[in-house]
Amino acid sequence: MIREIAFEQFNKGKAIIRDYKDEIYQCYCINTKGELLFKLPSNCYAHRIEDDNVIFVSDLKTNAEALFDTNGNQLTHFRYRTIFGGVEEGFFEVQDLNNKRGHLSLTGIEYIPCVYYDGYYFSEGVAPMKLNDKWGVINHKNETVIPFMYEEISICSNNRIPVKLNNKWGVIDKFNNIIIDFKFDDIEFYLNRDCGSFPVKTGNNWGITDIYGNILFDFVYDECDSL
């Protein structure tokens, strides 16, 4: 007898059923008619079905994660500590069991190997990654397009990337050309390609600059937040 059963929300006509009996956890995938499509390995926990027809699955004994497709095929080994939800430009962010970061394709291929100490998702063809104690930027081919020389870095938006160098923030483009010089103590950058301005901080006060570094509102504000 099934002691516990739980449904995940249907996604593209498929859903995950989780049941637990006789101290064994079992997950199944069904269609909207309730027909069994396949079952996952025992004592594996299916988190959810992503829109890109992949299932995030955890091994309950090791807490490692893997990707399956919605036909029941295992796409990766259970070698990841975390697979981050939400595909960006064809990639999932992942963190392996050694806490290194990389990126997986939708078919489970590790196109960006897990050699980075930290990282973010892809935007406009590039992703900030951390190697040792410095940040740089890579492309989809894992080629370094901005050297690993920065103390902090943000996501690319409208060909602009906020970076911190020598304890000051500025803005560069995807080719490492300086757009706004390194003169601010902080930047509140909008990930919005239509945005023409954003808050910057000097000392203890905030002001507003345009995307070229021209000050629109002087540094007289105690706080300034994103819209």
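Two strands pair when DSSP finds at least two bridges between them; strands (E, at least two residues) are DSSP runs, numbered from the N terminus. I wrote that down before opening the sheets.

**Ground rules**

I'm working on a predicted model, where local features need pLDDT of at least 70 and side-chain atom pairs count only at pLDDT 80 or more, while totals for chains, interfaces and linings use all residues. Residues are numbered from 1 along each chain as its sequence is written, and side-chain values use heavy atoms, with hydrogens and water left out.

**Entry 1: the E12 to E15 sheet**

I looked up the strand order and got E12-E13-E14-E15, an open sheet of 4 strands with antiparallel pairing. Strand E12 (118–119) and strand E15 (144–150) are its edge strands, each pairing on one side only. I then checked how E12 is held: 2 bridges join it to strand E13 (residues 126–131), and the two run antiparallel. Asp 118 stands opposite Lys 130 in E13.

**Entry 2: the E20 to E23 sheet**

Here I found another open sheet of 4 strands, in the order E20-E21-E22-E23 and with antiparallel pairing. Strand E20 (186–187) and strand E23 (215–221) stand at the edges with a single partner strand each, so one side of each has no neighbour in the sheet. Further in, 6 bridges join strand E21 (residues 197–202) to strand E22 (residues 205–210), running antiparallel.

**Entry 3: the largest nonpolar core**

For this I took a nonpolar core as a set of buried Ala, Val, Leu, Ile, Met, Phe, Trp, Tyr and Cys residues joined through side-chain atoms within 4.5 Å. Buried means under 20% relative accessible area, exposed over 50%, and partly exposed in between (1.4 Å probe, protein chains only).

Which members of the largest core touch the most other members? Of its 13 residues, they are Ile 16, Cys 27, Leu 40, Ala 46, Ile 55, Val 57 and Phe 68. Strand E3 (24–31), strand E5 (44–49), strand E6 (54–59) and strand E7 (65–69) each supply at least two residues of this core. Another core lies apart from it, with 12 residues, among them Trp 135, Tyr 150, Ile 153 and Ile 161.

Not counting residues up to four places away in sequence, Leu 40 touches Gln 26, Cys 27, Ala 46, Val 57 and Phe 68.

**Entry 4: strand E7**

Why did I mark E7 as largely enclosed by the rest of the structure? Because 5 of the 5 residues of E7 are buried. Both faces are covered: Glu 65, Leu 67 and Asp 69 on one side, Ala 66 and Phe 68 on the other. E6 is joined to E7 by 5 bridges, antiparallel, and Val 54 stands opposite Asp 69. The two strands form a hairpin with 5 residues between them, and Asn 63 in the turn has a positive phi of about 65°.

**Entry 5: rings**

Aromatic pairs next: rings of Phe, Tyr and Trp (its six-membered ring) pair if their centres lie within 6.5 Å, with planes under 30 degrees apart counted as stacked, over 60 as edge-to-face and the rest as tilted. I got 9 such pairs in the structure.

Tyr 120 and Trp 135 are stacked, at 5.3 Å centre to centre and 15° between the planes. Tyr 120 sits in the loop between E12 and E13 and Trp 135 in strand E14 (residues 134–139), so the pair ties together parts 15 residues apart in sequence. Tyr 120 is partly exposed at 33% relative accessibility, whereas Trp 135 is buried at 6%.

The ring centres of Tyr 150 and Phe 182 are 6.3 Å apart with planes at 25°, so this pair is stacked too. Tyr 150 is in strand E15 and Phe 182 in strand E19, so the pair ties together parts 32 residues apart in sequence. Both residues are buried. I also logged one aromatic cluster of Phe 91, Tyr 111 and Phe 122.

**Entry 6: charges over rings**

My cut-off: NZ of Lys or CZ of Arg within 6 Å of the ring centre and within 35 degrees of the ring normal. Lys 100 lies over the face of Tyr 117, 4.6 Å from the ring centre. The charged end of Arg 160 sits over the ring of Tyr 212, 5.2 Å from its centre.

How values were computed: Contact = heavy atoms within 4.5 Å.
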